[in-house]
Amino acid sequence: MIFDTHAHYDDASFDNDRDFLLAALPEAGIGGVVNVGASIESTKRTIALTEKYSFIYGAAGVHPSECGQLAEADIQWLKQQALREKIVAIGEIGLDYYWEEPEHQIQKKWFCRQLNLARETALPVIIHSRDGAKDTLDIMKAEKSREIGGVIHCFSYGREMAREYLNMGFFLGIGGVVTFQNARRLKEVVEYAPIDRLVLETDCPYLSPVPYRGKRNSSCNLPLVINAIAALKGMEPEEIQRITWENARKLYRL
Ligand code: NI
């Protein structure tokens, strides 16, 4: 079975056919999904999905681009949600310097606070890091993230950075980008990283693999990602599927 470690099925782009699509996932070989919170509101919607579908788990957290209005009371609310049985991670959290807002200092503050929330709740973290490689790594080292554990979602840096996170004990999330013609750097990372440290993800509705690039993504497209990883690793797709399933269960401690 296939494990999608990072999805956003609460996104409005699924409003017209969400239940139809989700109900069909097990038949398509999707045995587990972690729906990832990106704000307080989407964490609430994530919890609702975990209550409705046995194979959906959730992550509670606030994305760096959404942290501008956060307050400590929100962190305390997230902490309560983390007690729920099907909440398996704190995320997605991190730094996103692609967008100018919120300013870097604010993003860093809430990144640190949520790393500590993960420590307090003994859950792994789902890290979002875009155009902020050095600051992300510096903060994660300073916060002793090795003791927390988790995944660098939609890994987008090079081999040097991959080595840092692998040394820290983290998993790397690999999705549709690995099928893109111009993704040379990511393909190198997939070749380099041990297979027992890679997990599959869609980040749906975003980042559909080729030949669906630009269209709405779903977990049903993950076989295309599996095939791309298998080709890079010189392994059978069935093997990649089985190993990444085990990796996902280790990552989320299921
Ligand atoms: Ni995401």
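This is a predicted model: local features need pLDDT of at least 70, side-chain atom pairs count only at pLDDT 80 or more; totals for chains, interfaces and linings use all residues.
Close-up 1. Helix α3, spanning residues 72-81, packs against helix α4, spanning residues 104-121, at an angle of about 30°, and their axes lie 11 Å apart. Because angles under 35 degrees count as roughly parallel, α3 and α4 are described as roughly parallel to each other.

**Close-up 2. Residues of both helices make the contact between α3 and α4.** On the α3 side the contact is made by E72, I75, Q76, L78 and K79, while α4 contributes W110, R113, Q114, L117, E120 and T121. Sorted by class, the residues in this contact of α3 with α4 are 4 nonpolar, 3 polar and 4 charged.

**Close-up 3. The largest pocket holds about 810 Å³ of space.** Its lining consists of 30 residues, and those nearest the centre of the pocket are H128, R130, H153, D203 and L207. The lining of the largest pocket divides into 11 nonpolar, 9 polar and 10 charged residues.

**Close-up 4. Helices and strands contribute to the lining of the largest pocket.** The elements giving two or more residues to this lining are α2 (40-52), β4 (87-96), β5 (125-130) and α7 (184-192). Strand β5 provides the largest share of the lining, with 3 residues.

Terms used. Residues are numbered from 1 along each chain as its sequence is written. Side-chain values use heavy atoms; hydrogens and water are left out. Axes are lines fitted to C-alpha atoms, for helices over the stretch in contact, and angles run from 0 to 180 degrees between N-to-C directions. Helices (H or I, at least four residues) and strands (E, at least two) are DSSP runs, numbered from the N terminus. Angles under 35 degrees count as roughly parallel, over 145 as roughly antiparallel, 65 to 115 as roughly perpendicular and the rest as oblique. Contact means heavy atoms within 4.5 Å. Ala, Val, Leu, Ile, Met, Phe, Trp, Tyr, Cys and Pro count as nonpolar, Asp, Glu, Lys and Arg as charged, and the others, Gly among them, as polar. On a 1 Å grid over the protein atoms alone, a cavity is a set of points where a 1.4 Å probe fits but cannot get out, and a pocket is an open set with protein on both sides within 12 Å along at least five of seven lines; lining residues have an atom within 4 Å of a point. Grid points are joined across faces, edges and corners, and a volume is the space filled by probe spheres set on the points.
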